[in-house]
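Colleague: I am new to this entry and would like to learn how to read it. Please take me through some features one by one.

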Amino acid sequence: MKEKEPAKPDKKDEKAKPEETSEIKKTIDDFGAINNAFDFRSDIQYLTIIGSIEGHSVLPPQDKTTKYENIIPQLIAVEENKHIKGLLTVLNTVGGDVEAGLAIAELIATLTKPTVSLVLGGGHSIGIPLATASKYSFIAESATMTMHPIRLTGLVIGAQQTYEYFRRMQQRVEDFIVRTSKADLDTVNHYMNATGNMANDVGTILYGKEAVKIGLIDEVGGLKDALKKLRSMIDEQEANQNSQK
């Protein structure tokens, strides 16, 4: 009697080849998502700003960072690429290098294309100008933003000169926030220099609705709200351009 051949495994039950598994794992490690998540065409550029903003000094390898030299070329490409119609910036940052953060923020603020920002988790310190730089801003209800004065750790040489330097740098940050949000200068100064809101520091921690209430952020919302707003801004800009032809 002829023995039955063993049943062939269903294709659905077949495991991925070792090389495929390795490639998928590498993609998840590098980008936090599998390949097919990016397998689509979009006229919106997505920019993520996470961890610490790394400037002229390299941060320790264990720190999660956003390098400004990687972000700036992307922003220039957004302006130059005719196929890109808008920019969505997603932030979850603790802050970092002030001048690097302001450089990125100024580029975002001067793009001619529609821009929307979304703060998830936190948009602290120099993350505030990065959030307000977009033409319209959202913050998740559970997200927070920490406003505080410019700080320095380490050796200080020439007390009066150092104070003046930090005073003017602080003024640059305040002026940018006032220029790109609905918050006025007195409000910004008040929350930055408050002494009763933080246990070990000067400043204020603002939650989603509070950031909107003082005019720092335009609206409480999530990803669907940010995308919907950006799409409407793109449609409005295109309608204005067509009417001028």
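Colleague: Is Tyr136 buried or exposed?

Modeller: First, the ground rules. This is a predicted model, in which local features need pLDDT of at least 70, side-chain atom pairs count only at pLDDT 80 or more, and totals for chains, interfaces and linings use all residues. Residues are numbered from 1 along each chain as its sequence is written, and side-chain values use heavy atoms, with hydrogens and water left out. Buried means under 20% relative accessible area, exposed over 50%, and partly exposed in between (1.4 Å probe, protein chains only). Tyr136 has 18% relative accessibility, so Tyr136 counts as buried.

Colleague: Which aromatic pair does a search of the whole structure find?

Modeller: A pair of aromatic rings is described by the distance of the centres and the angle of the planes. Rings of Phe, Tyr and Trp (its six-membered ring) pair if their centres lie within 6.5 Å; planes under 30 degrees apart are stacked, over 60 edge-to-face, and the rest tilted. The search of the whole structure gives one aromatic pair. Tyr136 and Phe138 have ring centres 5.2 Å apart and planes at 55°, so the pair is tilted. Phe138 is buried, at a relative accessible area of 2%.

Colleague: Which residue lies over the face of Tyr136?

Modeller: A charge sits over a ring if NZ of Lys or CZ of Arg is within 6 Å of the ring centre and within 35 degrees of the ring normal. Here Lys229 is over the face of Tyr136, 4.4 Å from the ring centre.

Colleague: How much of the protein chain is buried?

Modeller: Of the 245 residues in the protein chain, 38% are buried.
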